[in-house]
Structures are given as C-alpha cells and as structure tokens.
Amino acid sequence: MANFVTSHHNPTMIATIVVVLSLLVLIQNADAYEFKVGGSGEWSLSASYNQWAEKNRFQVGDTLLFKYDDDKDSVLEVSKEDYDNCNTGNPIAKHDDGHTVIKLDRSGPHYFISGIADHCKNNEKLLVVVMADRTHKSPPESPPSPAPSGEESPSPPADEKPPSSSPSDASSVVMSLLCFIGAIACFLS
C-alpha cells in the first residue's frame with residue numbers, strides 16, 4: 001500500500017488534503033453545544049425547564065438532549081398555541097426513543113411539551129428561544145434600538161458562561177487532531 005501511495009500520488013498533496021479536511025471539521029464543530037435539558041437531560045415532572053432555559057443562550061446549530069423512559073413519555077415539538085394549551089394531538093414532530101437529540105436549526109422560539117397531556121399541564125414543557133445564526137449565512141439583524149431616556153438597556157447576567165461541549169464534540173476534536181498529527185507526520189516523512 002505504501003508503494004502505491006508514494007508511486008502514484010504526491011505525499012505532500014495527500015498531507016495537505018488531510019490537514020485541510022481536519023481543520024474544516026474543527027471549524028464546523030467549534031461553536032455548537034449540546035444542552036442537557038434542565039441541566040441533567042432528564043425529561044420528567046421534577047424540573048422547571050423554562051427557568052433553566054432562561055439562564056442559557058441557545059444558538060443555531062446547538063442541540064438539546066432529552067432523556068426519559070420511552071415506555072412512559074415522549075417529547076413533542078409543537079406550535080405556540082399547542083404549547084399554551086398542552087395539545088398533544090397535532091405535533092410538528094414526535095420523539096419517543098428515550099434519548100432524543102434535537103438540533104436547533106433556526107432562530108426564534110421552539111416549543112416542546114411532554115407527549116402526555118397531564119405531564120404538560122404540570123409544566124413538563126419547554127420554551128427555547130434561539131438567538132442569531134452563528135454561521136452568518138443570513139443577513140445581519142439591525143442593532144436593537146436604544147432604550148428610551150431614563151431607562152437602562154437590559155444586559156446579560158455577568159456570571160453567565162457558555163456550557164461545556166458534549167462528549168461527541170470532544171471526540172470529533174480528538175479525531176481531527178489525530179488526523180492533523182498524522183498529516184504532519186506524512187508531510188515530514
């Protein structure tokens with residue numbers, strides 16, 4: 001195999017391709033976070049999901065992890081009206097695998113409720129507001145208008161920190177670094 005690579009392909013070109021691909025993977029995964037719903041990921045009656053969501057900043061590309069007993073519950077993505085009324089009969093999407101990861105693919109509000117109406121009525125529901133698109137594919141939004149005189153503009157909490165990356169993000173980074181090191185080794189040999 002080594003003779004094939006060295007006799008038919010330029011090793012420098014192969015190393016360059018591997019380096020570029022590795023860097024692209026690193027850049028692609030750099031900004032996305034996996035949020036564990038409620039902080040633990042557990043989707044149940046025991047958490048106050050909207051208080052948790054208000055303390056976080058969600059952006060396009062982030063994911064939400066819901067963990068639950070698939071025999072006893074599910075996660076429904078719904079409209080605002082169905083969210084407000086705990087209507088489980090008309091979901092945009094239904095997830096019932098017990099370990100649901102939902103990618104936040106657009107800015108704006110996202111509404112989630114339990115697939116069991118009584119659970120929803122007891123606050124097993126979540127409203128996530130997704131901020132601006134990190135990929136910069138959409139046109140920039142106009143800056144917010146200044147607060148009327150005498151009023152202060154709202155500011156984010158000073159102690160707010162972005163959540164840590166998920167294990168899958170970490171493994172992507174490790175694999176990218178290994179490819180990068182391998183490419184450098186090929187280039188230097």
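Here is a short walk through the structure, one selection at a time.

Before you start clicking, note that this is a predicted model, where local features need pLDDT of at least 70, side-chain atom pairs count only at pLDDT 80 or more, and totals for chains, interfaces and linings use all residues. Residues are numbered from 1 along each chain as its sequence is written, and side-chain values use heavy atoms, with hydrogens and water left out.

**Stop 1: the disulfide**

Select Cys 86 and Cys 120. A disulfide joins them, with 2.2 Å from S to S; the cut-off for calling one is a pair of cysteine sulfur atoms within 2.5 Å. A search of the whole structure turns up one disulfide. Cys 86 sits in the loop between α4 (80–85) and β4 (93–95), while Cys 120 is in helix α5 (residues 117–121), so you're looking at a link between distant parts of the chain, 34 residues apart. Helices (H or I, at least four residues) and strands (E, at least two) are DSSP runs, numbered from the N terminus. Look along the S-S bond: the angle about it is -75°, making the link left-handed. Both Cys 86 and Cys 120 are buried. Buried means under 20% relative accessible area, exposed over 50%, and partly exposed in between (1.4 Å probe, protein chains only).

**Stop 2: the cores**

Now select Trp 43, Phe 58, Leu 64, Phe 66, Phe 112, Leu 126 and Val 128. Of the 19 residues in the largest nonpolar core, these touch the most other members. A nonpolar core is a set of buried Ala, Val, Leu, Ile, Met, Phe, Trp, Tyr and Cys residues joined through side-chain atoms within 4.5 Å. The elements giving two or more residues to this core are α3 (49–54), β2 (63–67) and β7 (125–130). Apart from this core lies another, of seven residues, and Cys 86 from the first stop is among them, along with Leu 76, Tyr 83 and Ile 113.

Zoom in on Leu 126. Leaving out residues up to four places away in sequence, Leu 126 has contacts (heavy atoms within 4.5 Å) that include Val 37, Trp 43, Trp 52, Phe 66 and Phe 112.

**Stop 3: a buried glutamate**

Pick Glu 77, in strand β3 (residues 75–78). A polar contact of 2.7 Å joins the side chains of Glu 77 and His 95. (A polar contact is a pair of N or O atoms within 3.5 Å; within protein, one must be able to donate a hydrogen and the other to accept it, and residues adjacent in sequence count only if both atoms are side-chain atoms.)

**Stop 4: the salt bridges**

The structure holds two salt bridges. For one, select Lys 67 and Glu 42, whose closest N and O atoms are 3.9 Å apart. Lys 67 is in strand β2 and Glu 42 in the loop between β1 (34–36) and α3, so the pair ties together parts 25 residues apart in sequence. Then select Lys 80 and Asp 84, which meet at 2.8 Å, N to O. They are four residues apart in helix α4, so about one helical turn separates them.

Conventions
Salt bridge = Lys/Arg side-chain N within 4 Å of Asp/Glu carboxyl O.
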